[in-house]
Amino acid sequence: MSSKLASWKAKNLSQAGKMVLIKSVAQSLPVYQMSNFLLPKRICLKLDAIVRHFWWKTDPKEEKKHFLALRSWQAICQQKNKGGLGFRKFADFNKALVSKICWNISQKSDKLWCQVIRAKYLKNNTVLESSLQVASASWTWQDAIEDAHHLFLGCLFTERVWLLSKWQVRLHPLSHLSLREWFLQITTPDSNFFPDRSIQQEFITTWAITLELIWRERNDRVHCNGAHAPEEIARTALNKSIDHCMARAAKKSTEQIYCAWSPPPPGWIKINSNVSLKDNKCVAAFTIRDHFSTLISAEAKEIFASDPSVAELKAIRMAVSKIHADNVEHAILESDSAVAVKWIKNKAEEIDQAALIDVQEIRKI
C-alpha cells in the first residue's frame, strides 16, 4: 500500500483528490483478505497509519517524520453528517466484512460456500449454536465464529457490562460456552445455574435485554452513531428489565370481562365508546342506540392522545357532549376502559394530568 500511495505524487493532489483515492483505492485494496480473515490488530493499525500519513503529509514514505494533524483520526473517520469525512478504520471494516459470513449463513443463502459451511460445521444448528471447538475448522470459519462469540462473551467492554449488571456476572467461567449453551443453562427448569430459583425469570429477561443493547451498541460504534459507557448499558438493561417485569405483573392482574351488548330500558339510550391507536394515530369513536337497538348517532374523529385511557376519556367526552346538545336526560354510558370509568366515578387514587380536563367536563355534563 505504501508503494501504491507513493506513486500518486501526493504533493500534487488536493485534499479532495486524496479523499477520493483513499476511499476508492487505498481502503479497498485489502478487501478480499479482510472478507475472509481477521487481520492481526498490528496490521490494521499499520494500514491506518499509512493512510493517515498520506492524508496529512505529502510523501507517505516519510513515516518517521512528525507532522501536524489538525484533527484526530477518530474524528475524521466519523460519518459526514457527524462532522467527519467517512473514512473507515481497517479493524472495524475487517470485523464488518467477516461478520457478513455469519450473516449470509444465518440467512440460509443458497450460495455454494454457504451450503458447504452449513453442512460441515453447523449440521442442524444455527450460527450462535455452533461451538468454537470444531476439529480442523478453517481459519475463515474460526474467525467468523470468534467475532460473534467475542462480541457477546469475550470483549472487555462486554465483560464490564455483565460485571456491572445487577447479577455481577463474570464471563470468564462461561468463555467455553456458546450463546446457545448458555441459554440452555439458564432456561432449563432443573438447571443448577441459579442458587435461588425465584430469580430465574428476571435473570432471563435481563439477559435478553442486555444482549440486545450490546448488539445495538456495536452497531452504533461501527456506524459512528455515538458510544455509551458500560455503566450506561448496564443501567439501561436494569431499567428495561424492571419495566418488563412490572408490565408482566400488571397484565396478569388485569381481569378482562367479555359480555354481549344489551339494550337500555325503554325511554333510555346507551352510549358505547371505543378508541384505536395505531402508527402514532388515535381515532376516538362512539355510537348511540335506543332500547330497540336502533342506531341514533355515531361519530369517529382523529384525536391526539398517547395513552389509551386518556383517549377513551376523549371519546366519552365527545359522546356526552353530543347528548347534552340534544337535551337527552336518560342515558347509560358503557366503556371497556376500567381506568377511565374509575376516573369519572372519582374512584381512582390518582388521575392522570392529561385526563383531568376531560374528567371535569364529563362530570359537569
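Tutor: Happy to. Of the 365 residues in the protein chain, 34% count as buried. Please keep in mind that this is a predicted model. The secondary structure of the chain comes to 15 helices and 4 strands. Among contacts in the chain with a separation of 6 or more, 56% are between residues 24 or more positions apart.

The 4 strands form an open sheet in the order 3-2-1-4, with mixed pairing. Strand 3 and strand 4 are the edge strands, each pairing on one side only. From one strand to the next, the twist averages 15°.

Let us look closely at the pairing of strand 2 with strand 3. These two strands run in the antiparallel sense, joined over 8 bridges.

Most residues other than glycine have a negative phi. Ser293 has its positive value although it is not a glycine. Its place is the loop between strand 2 (281-290) and strand 3 (295-303). With a relative accessible area of 39%, Ser293 counts as partly exposed, because that value falls between the limits of 20% and 50%.

Asp290 also belongs to strand 2. Is Asp290 buried or exposed? Its relative accessible area is 16%, so Asp290 is buried, the limit being under 20%. Not counting residues up to four places away in sequence, Asp290 touches Trp261, Pro264, Trp268, Ile269 and Ile296. Asp290 and Ala331 are 41 residues apart in sequence, yet their C-alpha atoms are 9.3 Å apart in space.

Helix 13 lies across strand 1 (269-278), strand 2, strand 3 and strand 4, and it runs at about 145° to strand 1. Ala315 counts as buried, at 0% relative accessibility. Which residues does Ala315 contact, leaving aside its neighbours within four places in sequence? They are Ser273, Asn274, Val275, Ala284, Ala285 and Phe286. Glu299 itself is 16 residues from Ala315 in sequence and 9.3 Å from it in space, C-alpha to C-alpha.

Asn327 is found in the loop between helix 13 (308-325) and strand 4 (331-334). Phi of Asn327 is near 60°, again a positive value in a residue other than glycine. At 65% relative accessibility Asn327 counts as exposed, because the value is over 50%.

For contrast, here is a helix pair elsewhere in the chain. Two packed helices are described by the angle between their axes and the distance between the axes. The axes of helix 4 (residues 41-56) and helix 6 (residues 90-106) come within 8 Å and cross at roughly 125°. That angle makes helix 4 oblique to helix 6. On the helix 4 side, Cys44, Leu47, Asp48 and Val51 take part, and they meet Phe90, Ala91 and Asn94 in helix 6. These contact residues divide into 5 nonpolar, 1 polar and 1 charged.

Since a cysteine has just come up, a last word on disulfides. A disulfide is a covalent bond between the sulfur atoms of two cysteines. Taking a pair of cysteine sulfur atoms within 2.5 Å as the criterion, the count comes to 0 disulfides. Two cysteines to look at are Cys77, buried with a relative accessible area of 5%, and Cys282, buried with a relative accessible area of 2%.

Terms used:
Residues numbered from 1 in each chain as written. Predicted model: local features only at pLDDT ≥ 70, side-chain atom pairs only at ≥ 80, totals over all residues. Heavy atoms only, no water. Buried < 20%, exposed > 50% of the residue type's maximum accessible area, 1.4 Å probe, protein only. Axes fitted to C-alpha atoms, helices over the stretch in contact; angles between N-to-C directions. Parallel < 35°, antiparallel > 145°, perpendicular 65-115°, else oblique. Contact = heavy atoms within 4.5 Å. Nonpolar A, V, L, I, M, F, W, Y, C, P; charged D, E, K, R; others polar. Pairing = 2+ DSSP bridges.
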